[in-house]
Amino acid sequence: MMKYLQKLGKALMLPVACLPICGILMGIGYALAPAAMAGEVNGYVASGTAYTIGFFLIKAGSALIDNMALLFVIGVGVGMAEKHDGTGGLAALASWLMITNLLSTAVVTTIMPSIAKNADATLAFDSNPFIGILAGVIGSMCYNKFKDTKLPDWLSFFSGKRCVAIIAGVVSIIVSVVLLFVWPVVFTALITVGQSIAKMGAVGA
């Protein structure tokens, strides 16, 4: 188990390595263009050369920050696949697309209307890094286990690596059904804990 977690940790380092430069770009951007965050208040002006450069840097950094889940999908999918094969990354991406679509707020509230009444629960189905890591694990595990699968002659086109993404999609459907019932409970518990800590003021901080 520890060996598996160490492998996961190493795989996570790949996408995490992309984040510092994004933070630096956004930090410089907000320093040059504070109005991008605060609006044209407190003397900040949303115009001029400094604002344009700062806004450009902010958008460059947020390109990855806003898509952090995808970084984890590809990083974990490739990093944990045997020989770091890109097929694991493709399977992970297929898994992530499947899970995020099936567990999107629009789909979930259609399947389970009662969820729509719980704002915390609906937030649980938005794209997040946890789902990215989970999809990466699913993609890499499916690759490692099924990359050498031999199918009957009439399905031979889908043998080997070609079947990995398909199997990852099927596994993702099953995982989505489980998360449909489990994740809102866990997410709501996390929200409750976070709010409790926030109410503790300086001690909580």
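Phe158 is partly exposed because its relative accessible area is 35%, where partly exposed covers the span between buried (under 20%) and exposed (over 50%), computed with a 1.4 Å probe on protein chains only. This Phe158 sits in the loop between helix 9 and helix 10; helices here are DSSP runs of H or I with at least four residues, strands are E runs of at least two, and both are numbered from the N terminus.

A word on the model: it is predicted, so local features need pLDDT of at least 70 and side-chain atom pairs count only at pLDDT 80 or more, while totals for chains, interfaces and linings use all residues. Residues are numbered from 1 along each chain as its sequence is written, and side-chain values use heavy atoms, with hydrogens and water left out.

Phe158 also belongs to a nonpolar surface patch, whose members include Phe157, Ile166, Val170, Phe181 and Leu190 and together have about 1,100 Å² of accessible area. Patch residues have over 30% relative accessible area and no salt bridge; like charges are joined within 9 Å, and nonpolar side chains (Val, Leu, Ile, Met, Phe, Trp, Tyr) within 5 Å. A salt bridge puts a Lys or Arg side-chain nitrogen within 4 Å of an Asp or Glu carboxyl oxygen. Areas follow the Shrake-Rupley method with a 1.4 Å probe, and for residues only the protein chains shown count as cover.

Now to Asp85, found in the loop between helix 5 (68-79) and helix 6 (86-102). Asp85 counts as buried because its relative accessibility is 17%. Its side chain makes a polar contact of 2.7 Å with that of Lys161; such a contact is a pair of N or O atoms within 3.5 Å, and within protein one must be able to donate a hydrogen and the other to accept it, with sequence-adjacent residues counting only if both atoms are side-chain atoms. Beyond neighbours within four places in sequence, Asp85 is in contact (heavy atoms within 4.5 Å) with Val78, Tyr143 and Lys161.

| Residue | Relative accessible area | Class |
|---|---|---|
| Phe158 | 35% | partly exposed |
| Asp85 | 17% | buried |

For the protein as a whole, the secondary structure comes to 10 helices and zero strands. Of its 205 residues, 35% count as buried. The protein exposes about 12,000 Å², with 72% supplied by carbon and sulfur atoms.
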